[in-house]
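Please look over the sequence and the structure shown below before reading on. The report then takes up charged pairs and a pocket.

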Amino acid sequence: MTNNHRNQYLHPNSASARRTEPRPLQCLFLVSLICCNLLLASRFFFGFSSYINFHAAPEVETDTVLNLNSYTHGPCSSLHSNAICCDRTDYHSDICFVRGDVRTHSSSSSIFLHLPGACNNDSVALQEESISPYTRKWDAAIKSRIPELHLRTTSGADASLPCQVRHDVPALVFFAGGYTGNVFHDFNDGIVPLHITSHHLRRRVALVVLQYRDWWSSKYKEILAQLSDYPLIDFSNDTRTHCFPGAIVGLRYQGMLSIDASRSSENSSIRDLLHMLQDAYKPKTEVGGNPPTPNSPKLVVVSRSGTRTMENEAQVVKVGEQIGFQVEVLRPAETMPLRRMYNMLSSCDVMMGVHGAALTHFLFMRPGALFIQIVPLGVEKVARICYGEPAVAMGLRYVEYKVLPTESSLYYKYGGGDPVVKDPESFLKGRGWEVTKNVYLGGQNVSLNVDRLHEVLLRAFKYAVSERGKR
């Protein structure tokens, strides 16, 4: 594409993009174009519900088509056709909505809203917005690595990008890079917000991915199939012009592994996400009903390697077995299919593990099951926010096993009287996240006191037995 040609996309109202026609022919042209637009209205106009409810609309009045059932007080509550609106009020993420003839142009990192030709006059105010479609806009450490998309309106036939792939559903454009690869961030920054933003579209949406990765689409293919009935689009490497009747750019974020039902017109909650995961991974029931339930309650111990390892893991397993649990050790690996993890955790009565990303798989547990988080020194607040509060919200019975100083490797490294061990909260005041990460998350292992653990697991066993009696 030459510079002159590109400038026509960016500045469609330039002198080179305007033509002078005899006045009678111009009027005839405008009348014809308006008629064509009316005939195409049923295809390009969409009803909005929840955030923007893109569904083909019947012949109704404009006010009905533009009705918003959620975020009605937000800056995009009255978005009209052929317009771009961005909501930048959230601390975590920006989100933009585009209604009309949307066209992609990956080489310039742009999404164009092509206005009808009849609007090609000097009185039309062209719009331009920029957005980094990731749910961590506050994170200075990663901000420079998040690509910026340009949303631009264009006007006139000379400014249009010819459609090479035409879609009859809207696009949802989002970034799948950043901290993707850590399972906590995969869900917290990506999959949960993706579910929140697309749930009301009932899979009638095309997912357009920035920083698309084959391993990511393969690992989460069952989940992605629950969110969209259409193939993923790799925005950066698919250079064809894709045309859509509308677009959402960016994702809604509502808290750590959380969905706020009060912010959805459909009262969508974390339970809806759990049902989606169940639809994605639950094995098909054989003739004769569900698989038989093990005679003994099942305890899954989530194993860690590297940091925050459970140094006496073999003893922990033995304690569980002596109490009466059927114990399975889950050692998550990059190559382990999520379906296998789902089957292991959805059938367990109790899951226990040291604070870390692998505990994100508690999303696979059934409501009413028991989740025990082993909390090392210095990470109490992080553990509660990341997993404790979300666990309660999704209906799990939650128990914290707070490690004593003598159960932490820091005790033997610094000594019991050192502030690092004696009073982590005071030690961390004013020191920032890097100290928490390096000292308490990256520099600590645990060795659980078996007598203390026995008491916790015995109570867990009794709870599991009582819960089984209710099923």
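Is Arg203 buried, partly exposed or exposed? Arg203 counts as partly exposed, at 34% relative accessibility, where buried means under 20% relative accessible area, exposed over 50% and partly exposed in between, with a 1.4 Å probe and protein chains only.

## Basis of the model

This is a predicted model, in which local features need pLDDT of at least 70 and side-chain atom pairs count only at pLDDT 80 or more, while totals for chains, interfaces and linings use all residues. Residues are numbered from 1 along each chain as its sequence is written, and side-chain values use heavy atoms, with hydrogens and water left out.

## Salt bridges

The structure holds 21 salt bridges, each being a side-chain nitrogen of Lys or Arg within 4 Å of a carboxyl oxygen of Asp or Glu. One of them joins Arg203 to Asp229, with the closest N and O atoms 2.9 Å apart; Asp229 is itself partly exposed, with a relative accessible area of 48%.

Arg468 and Asp349 form another salt bridge, at 3.1 Å from N to O, and this pair links distant parts of the chain, 119 residues apart. Both Arg468 and Asp349 are buried.

## The largest pocket

The largest pocket holds about 1300 Å³ of space, a pocket being, on a 1 Å grid over the protein atoms alone, an open set of points where a 1.4 Å probe fits, with protein on both sides within 12 Å along at least five of seven lines, and lining residues having an atom within 4 Å of a point. Among the 40 lining residues, Met256, Val382, Cys386, Trp433 and Leu441 are the closest to the centre of the pocket.

Methods: Points joined across faces, edges and corners; volume = space filled by probe spheres on them. Helix = DSSP H or I, 4+ residues; strand = E, 2+ residues; numbered from the N terminus.
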